[in-house]
Amino acid sequence: MRRTNLLGGGQLRATLTLSKYSLIAMLRSPTSVVFSLLFPIFFIVIFGSLVGDKGGVIKVAVTPGCDTIGPVYKAIGKIPSVELDTRMTSAQIAEAMQKGTITGVLNIVNDGGAFFIPHYKVTLSAADSASGGMKLLKTAIDAAVSEMDRRAFPRNPTLATLKIARIPGHLHKTIDFILPGQLGFSLLMAGVYGSSFLLFSLRLNLVLKRLRATPIRKRTIIAGEMLSRLFFHVIGFLIMVGLGYFLFGFTLVYGVATVVEMMIFSLFGLGIFMGIGFVISGFLQNESSITPVANTITLPQILLCGLFFPIESYPQWLQSFCHILPLTFFVDGLRKIAFDGLHIWELPVQVGGLSCWTVIIGLWAVRAFRWE
């Protein structure tokens with residue numbers, strides 16, 4: 001019994017020692033820091049500050065002879081999604097229309113009206129290539145003119161009245177979609193690339209062979225590597241979530257409790273992506289093969305798992321494949337915890353999918369592990 005306890009204590013000390021030196025190696029590695037931390041932070045800052053949450057802006061040029069002092073022009077100018085440009089000449093407008101840099105051209109003429117009631121003729125010109133933007137622009141201007149008519153002639157009969165009821169809720173911002181994707185990106189890169197290169201290096205330099213002569217077990221090495229990745233992920237996780245929350249208003253429904261639950265949920269992704277790295281390093285015979293094989297595994301997930309844009313943007317036949325990838329389960333789970341306020345036990349699809357991938361990758365990683 002005493003020997004077992006000493007052996008157990010020795011395994012724990014070995015785990016902590018391996019995790020310590022593995023963490024130091026990661027922090028000193030430019031590749032780990034750049035791909036797992038700096039790249040995700042860069043994407044968070046870019047998408048959080050440039051994309052915004054107002055949707056696309058419809059750029060409209062105003063003709064030189066347009067009535068810009070009447071109520072119609074002022075009403076159109078107040079539409080949030082419309083940007084009016086009055087500085088362009090006729091030649092510049094024609095060139096911009098040819099290049100497609102503007103959606104259309106606006107011209108408003110006061111044609112006099114009748115019985116002291118002014119009337120304005122609004123003309124929109126657009127190229128065939130801008131048909132989608134022109135439909136949105138026409139809808140917005142129709143709504144603005146209808147609102148002016150309603151205020152000017154409140155007693156006019158109508159067939160229907162629209163009433164908008166405000167229901168309490170939180171706005172879904174761009175950062176709420178992007179940041180969980182970047183957390184998944186960071187964990188994927190750190191797990192797959194970091195683990196595969198580190199384990200291959202340890203085997204190449206005969207470190208694992210020397211460890212084999214000691215009582216250290218396979219699971220001790222895996223646990224030490226996983227613990228170091230966990231520490232590294234916690235550092236990056238807190239930096240990215242803090243950046244998103246304080247600079248761009250990232251939604252955390254329950255505050256600190258949501259952050260803790262997201263970190264716990266990250267253990268699924270950590271185990272899966274580290275396991276993939278172990279499998280790669282176990283099967284390959286030379287270090288130069290690691291990068292192309294890792295790229296083949298990670299790149300499809302980066303593109304197909306909804307990190308930068310919704311999976312619904314893909315054709316239906318491709319969506320079915322996207323939804324079974326481990327990174328999809330992981331990122332969807334993070335978004336539901338952070339924005340929807342769901343708890344881990346309320347995510348049976350995500351937890352079930354990640355559990356299946358954990359078992360598959362775990363068994364494969366154990367079989368692929370080699371001491372030398």
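In strand E4, Ser125 is the bridge partner of Val105; strands here are DSSP runs of E with at least two residues, helices are runs of H or I with at least four, and both are numbered from the N terminus. The model is predicted, so that local features require pLDDT of at least 70 and side-chain atom pairs pLDDT 80 or more, whereas totals for chains, interfaces and linings use all residues. Residues are numbered from 1 along each chain as its sequence is written, and side-chain values use heavy atoms, with hydrogens and water left out.

Strands E3 and E4 run antiparallel and are joined by 6 bridges. They belong to an open sheet of 4 strands with mixed pairing and the order E2-E1-E3-E4, pairing being assigned where DSSP finds at least two bridges between two strands. The edge strands, E2 (82–85) and E4, each pair on one side only. From one strand to the next, the twist averages 30° (angles run from 0 to 180 degrees between N-to-C directions, and axes are lines fitted to C-alpha atoms, for helices over the stretch in contact). Helix H4 (residues 90–99) packs on this sheet and touches E1, E3 and E4, its direction making about 140° with that of E3; contact denotes heavy atoms within 4.5 Å. Strand E1 (residues 58–62) pairs with E3 (residues 104–110) in the parallel sense over 3 bridges, and Val60 stands opposite Gly104 in E3.

The largest pocket holds about 410 Å³ of space. A pocket is an open set of points on a 1 Å grid over the protein atoms alone, where a 1.4 Å probe fits, with protein on both sides within 12 Å along at least five of seven lines; lining residues have an atom within 4 Å of a point. Grid points are joined across faces, edges and corners, and the volume is the space filled by probe spheres set on the points. Among the 16 lining residues, Val72, Tyr120, Val145, Met148 and Asp149 are the closest to the centre of the pocket. Helix H3 (71–77), strand E4 (120–125) and helix H5 (131–152) each give two or more residues to the lining, and H5 gives the most, with 7 residues. By class, the lining comprises 12 nonpolar, 1 polar and 3 charged residues (Ala, Val, Leu, Ile, Met, Phe, Trp, Tyr, Cys and Pro count as nonpolar, Asp, Glu, Lys and Arg as charged, and the others, Gly among them, as polar).

Helices H6 (residues 174–204) and H9 (residues 256–283) pack at about 40°, with their axes 7 Å apart.
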